[in-house]
Amino acid sequence: MPSATAPLRIGCAAGFSGDRTDAAGPVVDALVAAGGPSFLIFETLAERTLALAQLARRVDPDQGYEPLLDELLRPVLARCLANGIRIVSNFGAANPRGAARRIAALAAELGLAAPRIAVVEGDDIGAPAQRPLLRAALGASADLDGVMKSMVCANAYLGADAIADALIAGADVVVTGRVADPSLSVGPALAHFGWRRDDWDRLARATMAGHLLECGAQVTGGYYADPGYKDVDGLARVGYPIAEIDADGHCTITKPSGTGGRIDAHTVKEQLLYEVHDPAAYLTPDVVADLSDARVVELAPDRVRVEGVRGHPRPATLKVNVFCEQGWLAEGEISYAGPRAEARARLAADILRERLGALAPLRVDLLGVASILGDDGGRYLAMQPPGQARDVRLRVAAVHDDKAVAERLPREVTALYTCGPAGGGGVRTALRRRLSTRSCFVPREGAPARFAMTEPA
Amino acid sequence: MSSRTVPLYRAAHGRTGDKGNRSNISVIAWHPALWPTLVEQVSEARVAAQFAHRRPSRVMRYLLPNLGAMNFVLDDVLDGGVNDALNLDSHGKALAFLLLDLPITVPDALCEHLAGADDPHFLPTEPWRLA
């Protein structure tokens, strides 16, 4: 049963680093119009994003937070602060204090009273003092010394508790590094409703609300359209989601009026199961959520309620992602068109295989024939009988520890201009450091989360 | 009772998610009446066969009857995962559409619940396995 208490509204205005930066405006408009308690979250920290941020901070100690922070916040910061809409985001990435300083400066530039900005820390466990903990967690994995030497960062997925504590202490903006994505929503719900930290059912329901919000438009019709089967209007101006959470944690997903996209039982089900493994045990630092008996109910157009989520006690460990700089990724592409284009592209691939033996295995794709569903081993491509495709782009890719060896791939692809099959054109090549990743688990005590209120600038 | 063979995407929709070297693909019935057909025919074994070239080490199917959905978890199918694979689509985002191409047989009485129209390009056998 819906609670008599007014719902808490949480709007999400970004689902990854690189998402649209103009999404927040309509969400904030809707939150202001609805009145009542509300929060705005931005989820901008995919697995790899944090490693890139750490590399940016090595170059410039003031960087390492979300590069688009200004673009995300500038349009809405004044209205959020004026209307009591508090902001929670992991856009601190590898440098939450740097992000907090930038937000304070932005508020000053906009002529606003200094907001209270809290940072949540404790996720970064890459420091020398924590190496023994990390070594133990990585355990018997091969090449442990190599991993430790080439490590870029190691971050634990923190939960909602420190976010909630920062909000209870009065923060207007909470900046985190690595936290579990749903925790960005669980924190505000915990702070607002004052739930016990072991109220597993409510925590699990709020977690699934956060899960539905965390990818932004992926629940409002984004990433859903398939013409003729799943038609979605207005994706060029798709509305980002707002969750209305009641005192029991149940949520209704909606979006700002007048925006594009759609919310129905099907868009919500797709996102509910996104990146879920065992639906009876969706693990987060806050709770183990159980979707076994979850239901979705269409209340009205673009209004869907989620019910039936249960919770179990939170895991004793936290997940940690470790990133290492290992090897160089080399890529090259060249196009063939017109009669026998596919045969010429296949010939070019054979030439590269012969020239680049040191870079085996060479990944070969034929864009226009088979380039996505296949495998690095080339089994799928080998199953495709040679055809008559007339517009084919050959792509090859390989990794090597030695940059000098990896550089041969772009050179050999370029040399196809004169030494390869007839009519090849449009060569593009790239060579970049590869970031490889490992996951492990540390005891909760190994990465204690804490918040700190930053000093006004 | 007569029936028709159609691609799975006419009976269900789905989305791929990834974590590390593991992919999950949801399969969600367009209509509750189609759910038993999906449970009967879209088995772990058939899904493993559909992804054989990706060499899954394990395929698990989880059923969510309230949602008319199932969730497939395929281990070790991403050539190392988003940071290690050489694939353009290192997340495996497109893999749901490989699964949704699986042929299924739907009793005539349920065909009114199918989405979309007959697809002239659909072959009732997996074409890339004919080679």
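In which order do the three strands of the open sheet in chain A run, and is their pairing parallel or antiparallel? The order is β9-β10-β13, and the pairing is antiparallel. The model described here is a predicted one, and it holds a chain A with 15 helices and 18 strands together with a chain B that has three helices and seven strands. The points below go from the overall build of each chain to the contact between the chains, and then to individual elements and residues.

**Overall build of chain A**

- Beyond its 15 helices and 18 strands, chain A has a radius of gyration of 24 Å, close to the 23 Å that the globule rule gives for 457 residues, so chain A is as compact as a globular protein of that length.
- Taken along the principal axes, the box filled by the C-alpha atoms of chain A is roughly 75 × 55 × 45 Å, and 54% of the 457 residues count as buried.
- When contacts in chain A between residues at least 6 apart in sequence are considered, 76% of them join residues at least 24 apart.
- The domain assignment divides chain A into domain 1, made of 8-123 + 158-314, and domain 2, made of 322-437, and the centres of domain 1 and domain 2 of chain A, taken over C-alpha atoms, are separated by 39 Å.

**Overall build of chain B**

- Read from the N terminus on, the elements of chain B follow the pattern β-β-β-β-α-α-β-β-α-β.
- The C-alpha trace of chain B spans about 50 × 40 × 25 Å along its principal axes, and 45% of the 131 residues of chain B count as buried.
- Among contacts in chain B between residues at least 6 apart in sequence, those that join residues at least 24 apart make up 65%.

**Contact between the chains**

- On the side of chain B, 35 residues are in contact with 41 residues of chain A.
- The elements that give two or more residues to the side of chain B that touches chain A are the strands β3 (16-19), β4 (22-29), β5 (58-64) and β6 (69-75) of chain B.
- The residues on this side of chain B comprise 16 nonpolar, 12 polar and seven charged ones.

**The three-stranded sheet of chain A**

- In the open sheet β9-β10-β13 of chain A, β9 (282-283) and β13 (310-312) stand at the edges with a single partner strand each, so one side of each is left without a neighbour in the sheet.
- Strand β10 (residues 288-290) of chain A pairs with β13(A) in the antiparallel sense over three bridges, and A:Val288 has A:His312 in β13(A) as its bridge partner.
- Helix α10 (residues 200-213) of chain A lies across β10 and β13 of chain A, and it runs at about 115° to β13(A).

**Helix α2 of chain A**

- Helix α2 (residues 47-59) of chain A has several buried residues, including A:Glu47, A:Leu50, A:Ala51 and A:Gln54.

**Backbone features in loops**

- The peptide bond from A:Ala360 to A:Pro361 is cis, with omega near 0°, and A:Pro361 lies in the loop between α12 (341-355) and β15 (363-367) of chain A.
- A:Ala93 is not a glycine but has a positive phi of about 45°; A:Ala93 is found in the loop between β3 (86-89) and α5 (96-109) of chain A, and A:Ala93 is buried, with 32 other C-beta atoms within 10 Å.
- B:Arg55, likewise not a glycine, has a positive phi of about 50°; B:Arg55 sits in the loop between α2 (44-50) and β5 of chain B, and B:Arg55 is partly exposed, with 14 other C-beta atoms within 10 Å.

**The surroundings of A:Pro443**

- A:Pro443 is found in strand β17 of chain A, and A:Pro443 counts as exposed, with 12 C-beta neighbours inside 10 Å.
- Residues up to four places away in sequence aside, A:Pro443 touches A:Ala316 and A:Thr317.
- A:Pro443 and A:Ala137 are 306 residues apart in sequence, while their C-alpha atoms are 8.8 Å apart in space.

Note on methods:
Residues are numbered from 1 along each chain as its sequence is written. Chains are lettered from A and ligands numbered from 1 in the order in which they are written. This is a predicted model: local features need pLDDT of at least 70, side-chain atom pairs count only at pLDDT 80 or more; totals for chains, interfaces and linings use all residues. Helices (H or I, at least four residues) and strands (E, at least two) are DSSP runs, numbered from the N terminus. The radius of gyration is taken over C-alpha atoms; the globule rule is 2.2 Å times the number of residues to the power 0.38. A residue is buried if 20 or more other C-beta atoms lie within 10 Å of its own, exposed if 12 or fewer, and partly exposed in between; C-beta atoms are placed from the backbone. Two residues are in contact if their C-beta atoms, placed from the backbone, lie within 7 Å. Ala, Val, Leu, Ile, Met, Phe, Trp, Tyr, Cys and Pro count as nonpolar, Asp, Glu, Lys and Arg as charged, and the others, Gly among them, as polar. Domain bounds come from an automatic or database domain assignment. Two strands pair if DSSP finds at least two bridges between them. Axes are lines fitted to C-alpha atoms, for helices over the stretch in contact, and angles run from 0 to 180 degrees between N-to-C directions.
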